[in-house]
Amino acid sequence: IAYREKVHKMDVLPEERRETVFRQREADLKKIAAGIGKFDVHCFATSIWDETLYKAWSTMVYSLVPNAGRLEHHLSALCTACCADELVLFERATFLVISQSILRGHADPHRFEKISNIIKQFKLSCSKTQAQFASMQVHNSTFSAFIEGFTSNTYLMAIISDSQIQPAMTLANLGAARAVFEDLLQHLSEGPFTPGAGQLGVSGSLPEEGAVTY
């Protein structure tokens, strides 16, 4: 049985004591769990003042996704088909990371928390005007970012640095994959995942523009 626990408000401790106190609390919890049964205990040191709380919640949510490997397999296929640097699947309500596929690394390890905060604040602003957030696009000289409502329970973020990939083609690819992932997310709990064994995936070859047919 997996057991996940947050050791919260680490910021109230002097920085030099945080690691020692955290390890002590973690050891205490593991000792208690061992006396109850077979538990896989994993603890997170968290604070509301940095990215640790968001990372802990995202890890917990990810651990609840059945057959996560199957989801990652299809997300990687879509990432390759879109010629994207990165695809990230967020839970719709909380904007916590459910899954991701990264083909090109990024220097900022805290970008997901920052993006989540930006979108949640923007959604709040939308709600004040009786509007609902649907999608967002950001384009500059180095990359294009797309955040789209993907399935009934998720948003998808696509990061593309290849300037030859047209935005309309990216949106067409995501739209073509939407129904596939909606069905996939509804059937993740059905049996173990075996790559290549009758799984949904990309069919056909990629045209020059980067289009894909699902």
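Reader: On what basis are the values given?
Author: This is a predicted model in which local features need pLDDT of at least 70 and side-chain atom pairs count only at pLDDT 80 or more, while totals for chains, interfaces and linings use all residues. Residues are numbered from 1 along each chain as its sequence is written, and side-chain values use heavy atoms, with hydrogens and water left out.

Reader: Where is Glu148 located?
Author: Glu148 lies in strand β6 (residues 144-151); strands are DSSP runs of E, at least two residues, numbered from the N terminus.

Reader: Which side chain of opposite charge is nearest to Glu148?
Author: That is Arg178, 4.6 Å away. Glu148 is buried but has no salt bridge. Buried means under 20% relative accessible area (1.4 Å probe, protein chains only), and a salt bridge is a side-chain nitrogen of Lys or Arg within 4 Å of a carboxyl oxygen of Asp or Glu. Lys and Arg count as positive and Asp and Glu as negative; His and the chain ends are not counted.

Reader: How many residues of β6 are buried?
Author: Eight of its eight residues are buried.

Reader: Which strands does β6 pair with?
Author: β6 runs antiparallel to β5 (residues 135-139), with five bridges, and antiparallel to β7 (residues 154-160), with seven bridges. Pairing requires at least two DSSP bridges between two strands.

Definitions and conventions. Helix = DSSP H or I, 4+ residues; strand = E, 2+ residues; numbered from the N terminus. Buried < 20%, exposed > 50% of the residue type's maximum accessible area, 1.4 Å probe, protein only.
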